Amino acid sequence: MTAELLSFSFLLLLLLLLLPLFSTSFTMSGFTIQLIHKDSLLHPATTNLSTPHLTRLLAKASHSLSRSQALSSPSTTILSPVIPHNADHLMKFSIGTPPVPVLAVMDTGSDLTWLRCLPCSDCYTRSVHLFNPFLSSTYRSLPPNSPKCKQFDPNTSPYTPTCSYKYGYGDGSFSSGFLSTETFTFESTTGEPISIPEISFGCGHNNSPSFDAELFGLAGLGGMSYSLISQLSPQTGKRFSYCLSPFQDNTSTSFLSFGDKAIVTGNNVVSTPLVAKADKTFYFVTLEAISVAGRKVDATATGEGNMFIDSGTTVSLIDSEVFERLGDLITEVMRLDWKMDAGNTFKCYEARRREVFPDIVFHFAGGADVVLEPLNAFTEPSEDGLVCLAMQATNGTAIFGNMAQQNFHIGYDIVGRNVAFEATKCAELGKQL
């Protein structure tokens with residue numbers, strides 16, 4: 001055998017050996033997983049909700065988040081001002097070796113991913129789902145001087161035996177325990193498991209009893225360095241997207257994509273810049289105006305980065321002055337007077353169908369006009385014949401809630417600093433991924 005042939009054979013063998021690595025790298029550059037709405041019939045602990053019940057849920061979510069705007073962070077606790085109990089969409093993934101399936105709230109408004117762990121101080125009086133780290137061969141608790149511990153809290157004392165954490169939310173609820181690392185496995189919609197080792201998360205041994213018993217915890221998709229999105233950046237390039245099916249479509253799943261799968265393309269895609277602010281958790285954008293039937297309300301008085309997009313807030317919160325003028329516009333266009341609902345929560349109109357209401361257009365910087373159909377902007381009719389505007393006034397930062405995001409494929413490019421919107425049918429698009 002000649003030297004040239006031996007050299008060729010060696011290169012061919014080397015290529016065959018390396019091919020699985022390249023194949024894995026390609027797969028890891030993009031994957032999609034399912035999301036389940038907490039009120040979906042596909043949720044293991046949920047039965048169908050009536051429309052009045054849904055309206056009450058909207059009210060509860062909105063009130064809680066409105067109160068949270070005035071809270072400040074205490075020095076001993078990392079605080080997220082959003083309310084995790086009001087989040088609507090749940091991620092399915094597995095943790096550990098062997099993998100344990102978990103269901104966790106998807107939340108773009110917080111950073112820490114945490115799960116209930118054994119031993120668990122809030123588990124003695126009720127049956128809850130939790131993770132037993134002692135049964136996993138890949139579980140590791142982080143030492144206090146480790147870089148991942150310092151990412152979460154630079155002030156952690158190196159003399160403590162473990163890297164402990166306490167993470168609070170705007171309603172006073174919290175999770176506390178030890179920061180650890182573990183293998184996360186995502187079941188892609190193609191059926192291929194994607195396993196990623198050494199993801200840091202909070203192993204929560206003391207958590208507020210207010211967290212739902214059927215949930216393991218929360219998956220933080222915010223912008224901080226210790227969020228799940230940031231930790232997946234070597235595989236995904238800090239790109240993710242999701243598409244939320246309408247709430248009343250309670251037999252359809254939504255989806256969450258990472259990496260190349262998260263690139264939103266199409267003829268109807270609009271995009272707006274992400275605005276960097278002191279708070280690195282939230283995805284801030286600039287709302288320039290809101291219009292109804294071609295009549296605009298200017299929203300620039302509150303400055304650049306005056307709104308953030310949040311998967312964990314149900315109804316949208318609008319600057320109080322803009323909100324009042326928006327309500328007047330709807331009244332003029334519909335020729336209907338508004339009145340408050342029984343809970344004094346929403347502006348409502350006497351109507352039997354929400355489809356008769358006009359589209360509401362959110363005009364974001366960069367020419368991104370996001371058209372909200374009645375499905376996105378108004379509640380379903382109540383038993384007493386009221387259709388309510390699914391938005392509220394706030395004196396804090398405005399929030400683009402998840403009801404407004406229904407049937408939009410929304411893509412976040414953290415490196416490119418923009419967010420893209422494409423109006424679509426999420427249930428149908430999800431079947432193609």
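User: Thanks! How far apart are the sulfur atoms of Cys-348 and Cys-388?
Analyst: They sit 2.0 Å apart and form a disulfide. Keep in mind that this is a predicted model.
User: Got it. Is that link left-handed or right-handed?
Analyst: Right-handed, with 95° about the S-S bond of Cys-348 and Cys-388. Cys-348 belongs to strand β20 (residues 347-350) and Cys-388 to strand β23 (residues 386-388), so the bond ties together parts that are 40 residues apart in sequence.
User: And is Cys-388 buried or exposed?
Analyst: Cys-388 is buried, because its relative accessible area of 4% falls under the 20% cut-off. Cys-348 is buried as well, at 0%.
User: How many disulfides turn up in the whole structure?
Analyst: A search of the whole structure gives four. One of them pairs Cys-117 with Cys-203, again with the sulfur atoms 2.0 Å apart.
User: What's the torsion about the S-S bond of Cys-117 and Cys-203?
Analyst: About -105°, so that disulfide is left-handed.
User: Where do those two cysteines lie?
Analyst: Cys-117 is in the loop between β5 (114-116) and β6 (140-141), while Cys-203 is in strand β9 (residues 193-207), so the pair connects parts 86 residues apart in sequence. Cys-117 is buried at 0% relative accessible area, and Cys-203 is buried at 0% too.
User: Nice. Which cysteine is joined to Cys-149?
Analyst: That would be Cys-163, with an S to S distance of 2.0 Å. The torsion about their S-S bond is about 95°, so this disulfide is right-handed. Cys-149 lies in helix α3 (residues 147-152) and Cys-163 in the loop between α3 and β7 (164-169), so the link ties together parts 14 residues apart in sequence. Both cysteines, Cys-149 and Cys-163, are buried.
User: Changing topic: where is Gly-411 found?
Analyst: Gly-411 is part of strand β26, which covers residues 408-413.
User: Why does Gly-411 count as buried?
Analyst: Because its relative accessibility is 6%, and anything under 20% counts as buried.
User: What does Gly-411 touch, leaving out residues up to four places away in sequence?
Analyst: Its contacts are Phe-240, Ser-241, Ala-262, Val-264, Asn-418, Val-419 and Ala-420.
User: How far is Gly-411 from Thr-265 in space?
Analyst: The C-alpha to C-alpha distance between Gly-411 and Thr-265 is 9.5 Å, although 146 residues separate them in sequence.
User: Great, that's what I needed!

Conventions. Residues numbered from 1 in each chain as written. Predicted model: local features only at pLDDT ≥ 70, side-chain atom pairs only at ≥ 80, totals over all residues. Heavy atoms only, no water. Helix = DSSP H or I, 4+ residues; strand = E, 2+ residues; numbered from the N terminus. Buried < 20%, exposed > 50% of the residue type's maximum accessible area, 1.4 Å probe, protein only. Contact = heavy atoms within 4.5 Å. Disulfide = S-S within 2.5 Å.
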